[in-house]
Amino acid sequence: MLATQAISYGVLSLCFLILFNAERRSSFMKWLCNFLKGTKPGESNRRRPRVMGGEQSTLWQHEPIRPKREEPPRPDNEELDRQIALSLAEDAKHPKERNHNKGENDEDLAKAMQDSMNMNPYMPHNPYGPAQALPRAHRVCGGCKHEVGHGHYLSCMGMYWHPQCFRCSSCTHPIRETEFTLLGAEPYHKLCYKELHHPKCDVCLQFIATNRAGLIEYRAHPFWGQKYCPSHELDRTPRCCSCEKMEPRNTKYMSLGDGRSLCMECLDSAVMDTGECQPLYHSIRDYYEGMNMKLDQQIPMLLVERQALNEAMEGECRGPHHMPETRGLCLSEEQTVTSILKRPRIGGHRLLDMRTQPQKLTRRCEVTAILVLYGLPRLLTGSILAHELMHGWLRLKGYRNLSPEVEEGICQVMSYLWLEAEILPASTRHAHPSSSYASSSSSSYRPPSSKKGGISHTEKKLGEFFRHQIANDTSEAYGDGFRTAYKAVNKYGLRQTLSHIRLTGGFPV
């Protein structure tokens, strides 16, 4: 009521001044306009709104006006009289500016009076009120494409969503958590995103942990791509002695009883005894004969256990042996070797009832026998036989005093070419660089696969891995020697390369 009385008194005073002193109203109008419009934002008696709730449930609470103690409020009538007197006195000092902007001040006065009459004294002007919300008709859900009406909704990725429409791109269930993962324009539950994109260990089947720097650290096989935690290299997790894959926790490898393990894929084509290996051995001898490299002597071949092979290697004085384990050996000394006579029986995940037989090997030529480690897949066994037969061929043909890089290098080439003949179609081998035997009388010969009915996809993949092992060997004799020999054979052909080795002891360049 006090504010209403002040406004009424100001209006009556204004009418009195207009009747008796029209010429001096100019500057007074400015003050009256300001008075009628109310105090400016930011002054002490301004009532500011307090926003409560969300966009559609905004409440306003008016704080009580607290007068300042150091300046007690004056009665409104006295304040009005004082301002009128000050205005008249100021107007008398500047008589030349009385009529300046007279019409503009009149309009301001009229507008201020009208606003003062319409103003609700109990609802102050609110310059800090909430911005005008987007009309409901323009809020379209990014999921169902329907209008977002009253009630709860989400605002994310520049769109509005019904809570039930904001769903995980993986499990399609609504995302109700306060945190989620965004991949491009696709939202995910944090656990769903981790399940999809955080690497899992192929051995323990758990998420690979981060290291001290917060980075995901793991090992990966260079050919198979098997990912595993670094700790499995130290916790004695079994590794297949053939394909090098680590044993997953949800499967079991076959134990060969000599510290070696064999995965189920490699076990499927494993060669287990000497009699079973004989057809493969003869097919590789035929392969050599087709390459115009016939072996005239009958060299014995035995499949042996790991211990027997290591004992024979200790008694053999010739050449370097591939580390960390030797899988084959071309003997030139007389020895007694224990060979596997009968294929062992499989019981659970172990080999049982293995029958062995000691055999006295006598030297009838430069080569006494060829020994191969038992329990390896057919293609790996064959590549070892092809390698060791090349050692025998070189010795029988009078190649003397060759360096390890030259002898092991050309033997690895023969192993690699035999694998190629086994796993690649004949049409591919004709065009493949590794089958280029320029200047060789055997260039027209392409031996068929030694396995009747062809090979399975799994066995073919194993053959590709064994070729990968040969090509990427890091040792000086087997790795560097192979790459130099392979380059020479592709450039000059196998016959010319062997002739150059006989004459110079090295590869042609």
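I take buried to mean under 20% relative accessible area, exposed over 50%, and partly exposed in between, with a 1.4 Å probe and protein chains only. On that scale I looked up E195, which counts as partly exposed at 46% relative accessibility.

**Ground rules.** I am working on a predicted model, where local features need pLDDT of at least 70, side-chain atom pairs count only at pLDDT 80 or more, and totals for chains, interfaces and linings use all residues. Residues are numbered from 1 along each chain as its sequence is written, and side-chain values use heavy atoms, with hydrogens and water left out.

**Whole chain.** I find 14 helices and 17 strands; these are DSSP runs numbered from the N terminus, helices being H or I of at least four residues and strands E of at least two. Of the 509 residues, 39% are buried. I read the accessible surface as about 29,400 Å², with 52% of it belonging to carbon and sulfur atoms; the areas come from the Shrake-Rupley method with a 1.4 Å probe, and for residues only the protein chains shown count as cover. A contact means heavy atoms within 4.5 Å. Among contacts with a separation of 6 or more, 59% are between residues 24 or more positions apart.

**Salt bridges.** I count a salt bridge when a side-chain nitrogen of Lys or Arg lies within 4 Å of a carboxyl oxygen of Asp or Glu. The structure holds 16 of them.

I went back to E195 and found its side chain in a salt bridge with K200, at 2.9 Å from N to O. K200 is partly exposed, at 32% relative accessibility.

Next I looked at E276 and R343, whose closest N and O atoms are 2.9 Å apart in a salt bridge. This pair links distant parts of the chain, 67 residues apart: E276 is in helix α7 (residues 274–290), and R343 is in the loop between β12 (335–342) and β13 (345–347). E276 is partly exposed at 34%, and R343 is partly exposed at 33%.

Which helices does the R378 and E459 pair link? The two side chains meet in a salt bridge at 3.0 Å, N to O. R378 sits in helix α9 (residues 378–396) and E459 in helix α12 (residues 457–471), 81 residues apart. Buried or exposed, R378? R378 is buried, with a relative accessible area of 11%, and E459 is buried at 4%. I also noted that salt bridges with shared partners join E217, R219 and E233 into one network.

**S269.** I placed S269 in the loop between α6 (264–267) and β9 (270–271). S269 is buried at 15% relative accessible area. Not counting residues up to four places away in sequence, S269 touches L376, P377, R378 and E459.

**Helix α13.** The buried residues of α13 include G481, F482, A485 and V489. I see the buried residues of this helix packing against α9, α10 (404–423), α12 and α14 (494–504). Just after α13, G493 takes a positive phi of about 90°.
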